[in-house]
Amino acid sequence: VFQGRILARRLVGQETRYEVEVKTPYRHRFPLVPREYVWVPNTCGCPPLREGSEYLLMARRHVNYERTLNRILLQDDGYARPWTPREDRLVREAARHC
């Protein structure tokens, strides 16, 4: 779970790749760098992420069977909410209990 600002969007084959500036990592099981690519396995724009906007994203790490592909994947039903101070407060409170 992290707060990020969408810098760019690009369609790559049947997927969408977002370049994201990682603002605040809240809870992560793998290291995040200041700029990451977040992949969405479709080109329909679901979930709708706009360039220049900030979101609270819950994504997972995807590694293929051959271990040649290691990326951050935001599934169609993944958590992507516009970032607000309220979202920040809720995530920080939940992190204390988890």
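Reader: Which side chain of opposite charge is nearest to Arg17, and is Arg17 buried or exposed?

Author: Arg17 is buried (under 20% relative accessible area, with exposed being over 50% and partly exposed in between, using a 1.4 Å probe and protein chains only), yet Arg17 has no salt bridge, and the nearest side chain of opposite charge is Glu19, 6.2 Å away. Here Lys and Arg count as positive and Asp and Glu as negative, while His and the chain ends are not counted. A salt bridge requires a side-chain nitrogen of Lys or Arg within 4 Å of a carboxyl oxygen of Asp or Glu.

Reader: And what sort of model am I looking at?

Author: This is a predicted model, in which local features need pLDDT of at least 70 and side-chain atom pairs count only at pLDDT 80 or more, whereas totals for chains, interfaces and linings use all residues. Residues are numbered from 1 along each chain as its sequence is written, and side-chain values use heavy atoms, with hydrogens and water left out.

Reader: Okay, what does Arg17 touch, then?

Author: Leaving aside residues up to four places away in sequence, Arg17 is in contact (heavy atoms within 4.5 Å) with Ala8, Arg9, Arg10, Val12, Tyr37, Val38 and Trp39. Arg17 also lies over the face of Tyr37, 4.1 Å from the ring centre, where the criterion is NZ of Lys or CZ of Arg within 6 Å of the ring centre and within 35 degrees of the ring normal.

Reader: Which ring has the charged end of Arg71 over it?

Author: That is the ring of Trp39, with the charged end of Arg71 at 5.0 Å from its centre. Arg71 also forms a salt bridge with Glu15, at 2.8 Å from N to O. Glu15 lies in strand 2 and Arg71 in strand 6 (residues 70-73), so the pair ties together parts that are 56 residues apart in sequence. Strands are DSSP runs of E with at least two residues, and helices are runs of H or I with at least four, numbered from the N terminus. Both Glu15 and Arg71 are buried.

Reader: How many salt bridges are there in the whole structure?

Author: The search finds five, and one of them joins Glu21 to Arg5, with the closest N and O atoms 2.7 Å apart. Glu21 is in strand 2 (residues 15-25) and Arg5 in strand 1 (residues 2-12), 16 residues apart.

Reader: What about Arg35, which partner does that have?

Author: Arg35 forms a salt bridge with Glu19, the closest N and O atoms being 3.5 Å apart. Arg35 counts as exposed at 52% relative accessibility, whereas Glu19 is partly exposed at 23%.
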